[in-house]
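Me: I have a model open and want to learn how to read its features. Can you take me through it?

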Amino acid sequence: MPQSHMNARSEEAAGSCPRCAADAYLTLFQAEDRLGLSNGRRFHIVECSRCALIRLDPMPSASEAASFYPDNYWWKPDSSTSGRLAEIYRQLVLIDHAHFVTHGIDRAGLILDVGCGGGSLVHALRKRGLKAFGLDPAVGAARSAHQRYGPHLVCGMVPQAPFRPGTFSTITLCRVLEHVPDPIGLLKGLGRLLKPGGKLFVQIPNAACWQFLLLGKRWSGLDAPRHRIHFRTADLEEILEATGFEVLRKKFFFLRDNPAGLASSLCPGLDPTLRHMRGQSENAGMRLLKDLTFFALVVAATPFTLMEAAGAAGSTVMVETVWRGAS
């Protein structure tokens with residue numbers, strides 16, 4: 001059962017809730033780093049006693065947080081059989097992301113993908129004839145994306161992004177908001193980059209999903225210590241509305257994320273992305289066998305994740321919002 005804590009722990013300082021600033025919280029459990037970059041350290045996952053927002057506590061400093069990300073913390077295909085097959089799969093499963101984003105937007109306007117990583121979504125949008133650009137604070141990710149897809153992917157971060165206010169008609173923020181210590185500040189910064197009536201699409205792991213309920217600290221969506229805040233859908237909607245966005249649509253299933261997330265929770269040792277980021281040494285045959293086994297597990301996980309999403313409790317949620325302006 002969770003233990004109640006008030007204010008600071010005796011052994012380390014506790015931070016206040018980034019949404020309501022309360023100091024009281026419940027410790028749900030301790031989680032380990034799935035990438036093994038933290039020397040066996042355990043991280044507290046806590047729930048605010050006032051607003052129920054789930055977060056990492058204490059929040060790491062900027063310099064400490066940087067050490068939790070490997071240099072290859074984004075997808076970069078290689079020329080091996082496994083790499084080529086994985087890239088084909090990723091391009092296929094990005095179709096529903098691109099379709100959700102392109103429905104009902106200003107197709108003549110500029111699109112910005114914040115936290116673009118290797119640039120896959122930007123590439124998928126540009127293949128549809130859209131004027132999409134990517135922004136990522138990681139130099140390696142931006143360089144890799146630039147080399148693969150061209151000069152429309154740059155290194156930078158909000159609010160120091162090299163764009164004028166009101167530049168974009170659409171911004172996408174996929175699997176980024178959970179990484180930042182100040183989500184309210186980030187959303188306000190994105191609002192300034194949007195034209196009046198512009199669209200913002202936000203995707204996050206959904207802490208109200210069945211997977212988290214069933215698996216607890218084994219749920220891959222926690223990804224401590226890189227994921228600092230764990231939003232439920234209701235949390236996300238509230239913080240968006242508080243920063244000037246009106247929620248229009250929600251989607252709880254994406255083929256790229258939901259089945260693969262469950263497969264990774266159940267068998268992290270088979271997850272190709274985790275193995276890649278861990279730098280595991282594998283011969284070509286073993287790598288292909290593990291990849292195919294993981295793919296079979298993804299297929300087997302799909303029916304459950306579809307049912308989960310049908311109950312508005314998918315392990316990821318993407319929302320379409322329109323910028324109404326800060327109050």
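Reply: We go from overall shape to charge pairs and then to the backbone. Keep in mind that this is a predicted model.

Me: Start with the fold. How many helices and strands does the chain have?

Reply: The chain has 11 helices and 12 strands.

Me: What does the radius of gyration say about the chain?

Reply: Compare the value with the one for a compact globule. For 327 residues that would be near 20 Å, and the chain has 19 Å, so the two agree. The C-alpha trace spans about 55 × 55 × 40 Å along its principal axes.

Me: What share of the residues is buried?

Reply: Of the 327 residues, 52% count as buried. The accessible surface comes to about 14600 Å². Carbon and sulfur atoms own 58% of that surface.

Me: And how do I read contacts along the sequence?

Reply: Look at sequence separation. Take the contacts between residues at least 6 apart in sequence: 71% of them join residues at least 24 apart.

Me: Now charges. Where do I begin?

Reply: Begin with the whole chain. It carries 37 positive and 29 negative charges, and their mean positions are 5 Å apart. Then go to pairs. Side chains of opposite charge can pair when their charged atoms come close. The search of the whole structure finds 21 salt bridges.

Me: Show me one. Are D57 and R55 buried or exposed?

Reply: Both are buried. D57 has a relative accessible area of 3%, and R55 has 1%. Their side chains form a salt bridge, with N to O at 3.7 Å. The cut-off is 4 Å, so this pair counts as a salt bridge.

Me: Which residue does R226 pair with?

Reply: R226 pairs with D223, at 2.9 Å from N to O. R226 is buried, with a relative accessible area of 1%. D223 has 11%. Buried means under 20%, so D223 counts as buried too.

Me: Which residues are joined into one network by shared partners?

Reply: R19, E47, R232, D235 and E238 are joined by salt bridges that share partners.

Me: On to the backbone. Where are cis peptide bonds in this model?

Reply: Read omega. The bond from D57 to P58 is cis, with omega near -5°. P58 sits in the loop between β4 (54-57) and α1 (62-66). Another cis bond joins A224 and P225, with omega about 0°. P225 lies in the loop between α7 (210-215) and β10 (229-230).

Me: What should I check in phi?

Reply: Check for positive values in residues other than glycine. A21 is one case, with phi near 70°. A21 is in the loop between β1 (3-5) and β2 (25-32). N39 is another, with phi near 55°.

Me: Where is N39, and is N39 buried or exposed?

Reply: N39 is in the loop between β2 and β3 (42-48). N39 has a relative accessible area of 79%. Exposed means over 50%, so N39 counts as exposed.

Notes:
Residues are numbered from 1 along each chain as its sequence is written. This is a predicted model: local features need pLDDT of at least 70, side-chain atom pairs count only at pLDDT 80 or more; totals for chains, interfaces and linings use all residues. Side-chain values use heavy atoms; hydrogens and water are left out. Buried means under 20% relative accessible area, exposed over 50%, partly exposed in between (1.4 Å probe, protein chains only). Helices (H or I, at least four residues) and strands (E, at least two) are DSSP runs, numbered from the N terminus. The radius of gyration is taken over C-alpha atoms; the globule rule is 2.2 Å times the number of residues to the power 0.38. Contact means heavy atoms within 4.5 Å. Accessible areas come from the Shrake-Rupley method with a 1.4 Å probe; for residues, only the protein chains shown count as cover. Lys and Arg count as positive and Asp and Glu as negative; His and the chain ends are not counted. The place of a charge is taken as NZ of Lys, CZ of Arg, CG of Asp or CD of Glu.
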